[in-house]
Amino acid sequence: MPKQGQFAKSARLKQLNNFKVRSRQRGKTISADQLPDFLLVRFNLTAKKRIPHAAQETAQRFLIEVFDQLVAAQGDLASLVPDLLDDISHRAPWQFYMQLLPQWDLLQDFLKKELPAVPLAQRCYVTTTVTTADLTKVVAQLLAKKAAAITFLKRPNVPAAMQQQTAQLLYGSIYHDGTIDWAKVRALLSPFPFTIDSQLDEGTQQWLRALTQL
(Lines give C-alpha, C1' and ligand atoms only; values in the text may rest on other atoms or scores of the structure.)
Protein backbone atom coordinates (compact mmCIF):
# COMPACT_ATOMS: atom_id res chain seq x y z
CA MET A 1 0.00 0.00 0.00
CA PRO A 2 1.46 3.41 -0.90
CA LYS A 3 2.14 5.91 1.85
CA GLN A 4 -0.65 8.40 2.34
CA GLY A 5 0.02 11.46 0.24
CA GLN A 6 2.17 9.57 -2.28
CA PHE A 7 1.41 7.74 -5.50
CA ALA A 8 2.20 4.06 -5.67
CA LYS A 9 5.69 3.38 -6.94
CA SER A 10 5.91 2.43 -10.59
CA ALA A 11 7.44 -0.93 -9.66
CA ARG A 12 4.12 -1.93 -8.12
CA LEU A 13 2.44 -1.69 -11.51
CA LYS A 14 4.84 -4.35 -12.86
CA GLN A 15 4.01 -7.03 -10.27
CA LEU A 16 0.63 -8.09 -11.63
CA ASN A 17 1.57 -11.49 -13.04
CA ASN A 18 3.45 -12.49 -9.87
CA PHE A 19 0.43 -11.60 -7.76
CA LYS A 20 -1.87 -13.58 -10.03
CA VAL A 21 0.26 -16.70 -9.48
CA ARG A 22 0.46 -16.17 -5.72
CA SER A 23 -3.28 -15.58 -5.38
CA ARG A 24 -3.98 -18.94 -7.00
CA GLN A 25 -1.65 -20.65 -4.59
CA ARG A 26 -3.30 -19.23 -1.49
CA GLY A 27 -6.72 -20.76 -1.91
CA LYS A 28 -10.16 -19.35 -2.44
CA THR A 29 -10.03 -16.31 -0.15
CA ILE A 30 -7.62 -13.40 0.15
CA SER A 31 -6.89 -10.98 2.98
CA ALA A 32 -8.11 -7.37 2.88
CA ASP A 33 -4.60 -6.05 2.28
CA GLN A 34 -4.42 -8.12 -0.92
CA LEU A 35 -7.59 -6.56 -2.34
CA PRO A 36 -5.82 -3.67 -4.14
CA ASP A 37 -3.49 -5.98 -6.04
CA PHE A 38 -6.30 -8.44 -6.80
CA LEU A 39 -8.45 -5.66 -8.27
CA LEU A 40 -5.48 -4.25 -10.16
CA VAL A 41 -5.01 -7.61 -11.85
CA ARG A 42 -8.71 -7.69 -12.77
CA PHE A 43 -8.53 -4.12 -14.10
CA ASN A 44 -5.59 -4.96 -16.35
CA LEU A 45 -7.35 -8.05 -17.65
CA THR A 46 -10.67 -6.34 -18.36
CA ALA A 47 -11.37 -2.59 -18.24
CA LYS A 48 -7.91 -1.17 -18.94
CA LYS A 49 -8.03 -2.10 -22.64
CA ARG A 50 -11.12 0.11 -23.07
CA ILE A 51 -9.31 3.23 -21.87
CA PRO A 52 -7.30 5.33 -24.34
CA HIS A 53 -3.64 4.40 -24.05
CA ALA A 54 -2.57 7.91 -23.05
CA ALA A 55 -4.92 7.87 -20.04
CA GLN A 56 -4.29 4.31 -18.84
CA GLU A 57 -1.58 5.08 -16.32
CA THR A 58 -3.55 7.96 -14.81
CA ALA A 59 -6.64 5.76 -14.45
CA GLN A 60 -4.61 2.91 -13.01
CA ARG A 61 -2.80 5.04 -10.44
CA PHE A 62 -6.05 6.64 -9.34
CA LEU A 63 -7.71 3.26 -8.96
CA ILE A 64 -4.84 2.00 -6.80
CA GLU A 65 -5.55 4.80 -4.34
CA VAL A 66 -9.27 4.01 -4.41
CA PHE A 67 -8.56 0.29 -3.93
CA ASP A 68 -6.37 1.01 -0.91
CA GLN A 69 -9.27 2.71 0.88
CA LEU A 70 -12.30 0.72 -0.27
CA VAL A 71 -12.61 -1.62 2.70
CA ALA A 72 -12.09 1.09 5.31
CA ALA A 73 -14.59 3.30 3.46
CA GLN A 74 -17.08 0.41 3.29
CA GLY A 75 -17.44 0.95 -0.44
CA ASP A 76 -18.71 4.51 -0.02
CA LEU A 77 -17.44 6.03 -3.28
CA ALA A 78 -19.53 9.19 -2.87
CA SER A 79 -17.41 10.15 0.14
CA LEU A 80 -14.13 8.50 -0.76
CA VAL A 81 -13.62 9.77 -4.32
CA PRO A 82 -14.17 13.55 -3.84
CA ASP A 83 -11.88 13.55 -0.78
CA LEU A 84 -9.25 11.62 -2.70
CA LEU A 85 -9.42 14.04 -5.63
CA ASP A 86 -8.96 16.92 -3.19
CA ASP A 87 -5.85 15.25 -1.79
CA ILE A 88 -4.49 14.61 -5.28
CA SER A 89 -4.84 18.30 -6.14
CA HIS A 90 -1.65 18.82 -4.13
CA ARG A 91 0.21 15.94 -5.80
CA ALA A 92 -0.65 16.09 -9.50
CA PRO A 93 -1.09 18.77 -12.16
CA TRP A 94 -4.52 19.83 -13.39
CA GLN A 95 -4.13 17.60 -16.46
CA PHE A 96 -4.65 14.60 -14.15
CA TYR A 97 -8.33 15.53 -13.88
CA MET A 98 -8.62 16.21 -17.60
CA GLN A 99 -7.55 12.62 -18.28
CA LEU A 100 -9.52 11.02 -15.46
CA LEU A 101 -13.01 12.50 -15.80
CA PRO A 102 -13.87 10.98 -19.20
CA GLN A 103 -13.01 7.54 -17.81
CA TRP A 104 -14.99 7.77 -14.57
CA ASP A 105 -18.16 5.96 -15.70
CA LEU A 106 -16.07 3.03 -16.92
CA LEU A 107 -13.99 2.95 -13.72
CA GLN A 108 -17.02 3.10 -11.44
CA ASP A 109 -18.79 0.38 -13.42
CA PHE A 110 -15.67 -1.76 -13.03
CA LEU A 111 -15.73 -1.25 -9.25
CA LYS A 112 -19.45 -2.05 -8.99
CA LYS A 113 -18.95 -5.27 -10.92
CA GLU A 114 -15.61 -6.50 -9.59
CA LEU A 115 -15.60 -5.51 -5.91
CA PRO A 116 -18.32 -7.99 -4.86
CA ALA A 117 -16.47 -10.74 -6.71
CA VAL A 118 -13.24 -10.32 -4.74
CA PRO A 119 -12.85 -13.50 -2.64
CA LEU A 120 -12.60 -11.80 0.75
CA ALA A 121 -13.70 -13.66 3.87
CA GLN A 122 -16.23 -10.84 4.32
CA ARG A 123 -17.40 -9.55 0.95
CA CYS A 124 -17.25 -5.82 0.18
CA TYR A 125 -19.67 -3.92 -2.04
CA VAL A 126 -19.97 -0.46 -3.57
CA THR A 127 -22.51 1.15 -1.24
CA THR A 128 -22.75 4.62 -2.83
CA THR A 129 -21.82 5.99 -6.23
CA VAL A 130 -21.03 9.38 -7.75
CA THR A 131 -22.04 10.46 -11.24
CA THR A 132 -19.59 11.91 -13.73
CA ALA A 133 -21.71 15.09 -13.70
CA ASP A 134 -21.32 15.49 -9.94
CA LEU A 135 -17.63 14.60 -10.09
CA THR A 136 -17.12 17.22 -12.80
CA LYS A 137 -18.53 19.85 -10.45
CA VAL A 138 -16.20 18.67 -7.69
CA VAL A 139 -13.19 18.92 -9.99
CA ALA A 140 -14.23 22.37 -11.21
CA GLN A 141 -14.47 23.56 -7.61
CA LEU A 142 -11.04 22.12 -6.79
CA LEU A 143 -9.47 23.77 -9.82
CA ALA A 144 -11.10 27.12 -9.04
CA LYS A 145 -9.92 26.89 -5.45
CA LYS A 146 -6.40 26.07 -6.61
CA ALA A 147 -6.34 28.97 -9.08
CA ALA A 148 -7.57 31.36 -6.38
CA ALA A 149 -4.91 30.16 -3.94
CA ILE A 150 -2.19 30.70 -6.55
CA THR A 151 -3.56 34.17 -7.31
CA PHE A 152 -3.03 35.21 -3.70
CA LEU A 153 0.14 33.20 -3.11
CA LYS A 154 2.24 36.32 -2.51
CA ARG A 155 -0.50 38.01 -0.47
CA PRO A 156 -0.87 35.78 2.61
CA ASN A 157 -2.86 38.41 4.51
CA VAL A 158 -5.76 38.47 2.06
CA PRO A 159 -8.98 37.63 3.95
CA ALA A 160 -10.31 34.11 3.51
CA ALA A 161 -13.63 35.55 2.38
CA MET A 162 -11.94 37.27 -0.56
CA GLN A 163 -10.20 34.04 -1.56
CA GLN A 164 -13.52 32.20 -1.42
CA GLN A 165 -15.22 34.88 -3.49
CA THR A 166 -12.43 34.71 -6.07
CA ALA A 167 -12.73 30.92 -6.20
CA GLN A 168 -16.47 31.25 -6.84
CA LEU A 169 -15.88 33.70 -9.68
CA LEU A 170 -13.28 31.41 -11.23
CA TYR A 171 -15.62 28.44 -10.85
CA GLY A 172 -18.25 30.30 -12.85
CA SER A 173 -15.63 31.06 -15.48
CA ILE A 174 -14.34 27.51 -16.02
CA TYR A 175 -17.54 25.51 -15.42
CA HIS A 176 -20.77 25.92 -17.37
CA ASP A 177 -23.42 23.70 -18.93
CA GLY A 178 -22.10 20.73 -16.99
CA THR A 179 -18.62 20.85 -18.50
CA ILE A 180 -15.20 22.22 -17.65
CA ASP A 181 -13.60 24.64 -20.08
CA TRP A 182 -10.11 23.14 -20.13
CA ALA A 183 -8.75 25.95 -22.30
CA LYS A 184 -9.62 28.44 -19.54
CA VAL A 185 -8.15 26.12 -16.91
CA ARG A 186 -4.93 26.02 -18.93
CA ALA A 187 -4.89 29.81 -19.20
CA LEU A 188 -5.34 30.14 -15.44
CA LEU A 189 -2.84 27.52 -14.28
CA SER A 190 -0.19 27.11 -16.96
CA PRO A 191 1.68 30.28 -15.88
CA PHE A 192 2.37 28.46 -12.60
CA PRO A 193 4.30 25.25 -13.41
CA PHE A 194 3.59 22.19 -11.30
CA THR A 195 6.50 21.16 -9.09
CA ILE A 196 7.21 17.44 -9.10
CA ASP A 197 8.34 15.91 -5.80
CA SER A 198 11.93 14.77 -6.29
CA GLN A 199 11.42 12.06 -3.65
CA LEU A 200 9.07 10.14 -5.94
CA ASP A 201 10.43 7.21 -7.92
CA GLU A 202 11.61 7.96 -11.45
CA GLY A 203 8.70 6.20 -13.12
CA THR A 204 6.20 8.32 -11.22
CA GLN A 205 8.14 11.47 -11.99
CA GLN A 206 8.11 10.60 -15.69
CA TRP A 207 4.34 10.08 -15.60
CA LEU A 208 3.79 13.44 -13.90
CA ARG A 209 6.12 15.18 -16.36
CA ALA A 210 4.13 13.66 -19.23
CA LEU A 211 0.90 15.00 -17.69
CA THR A 212 2.30 18.54 -17.48
CA GLN A 213 3.02 18.45 -21.20
CA LEU A 214 -0.55 17.68 -22.26
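**Contacts, burial and a pocket**

A: Leaving aside neighbours within four places in sequence, Arg 209 is in contact (heavy atoms within 4.5 Å) with Ile 196 and Glu 202. The model is predicted, so local features need pLDDT of at least 70 and side-chain atom pairs count only at pLDDT 80 or more, while totals for chains, interfaces and linings use all residues. Residues are numbered from 1 along each chain as its sequence is written, and side-chain values use heavy atoms, with hydrogens and water left out.

Q: Why does Glu 65 count as buried?

A: Glu 65 is buried because its relative accessible area is 6%. Its place is in helix H3 (residues 53–70). Beyond neighbours within four places in sequence, Glu 65 is in contact with Gln 6, Phe 7, Leu 84, Ile 88 and Arg 91.

Q: Which residues of helix H6 are buried, and what covers them?

A: In H6 (residues 104–114), the buried residues are Trp 104, Leu 106, Leu 107, Gln 108, Phe 110, Leu 111 and Glu 114. Their cover includes helix H2 (35–45), H3, helix H4 (77–88), helix H5 (95–100) and H7.

Q: How much space lies in the largest pocket, and which residues lie nearest its centre?

A: Rolling a probe the size of a water molecule over the atoms shows where empty space is left. On a 1 Å grid over the protein atoms alone, a pocket is an open set of points where a 1.4 Å probe fits, with protein on both sides within 12 Å along at least five of seven lines; lining residues have an atom within 4 Å of a point. Here, the largest pocket holds about 490 Å³ of space, a volume filled by probe spheres set on the points, which are joined across faces, edges and corners. Of its 21 lining residues, Ser 89, Lys 146, Ile 150, Leu 189 and Phe 194 lie nearest the centre. H7 gives the largest share of the lining, six residues.

Methods: Helix = DSSP H or I, 4+ residues; strand = E, 2+ residues; numbered from the N terminus. Buried < 20%, exposed > 50% of the residue type's maximum accessible area, 1.4 Å probe, protein only.
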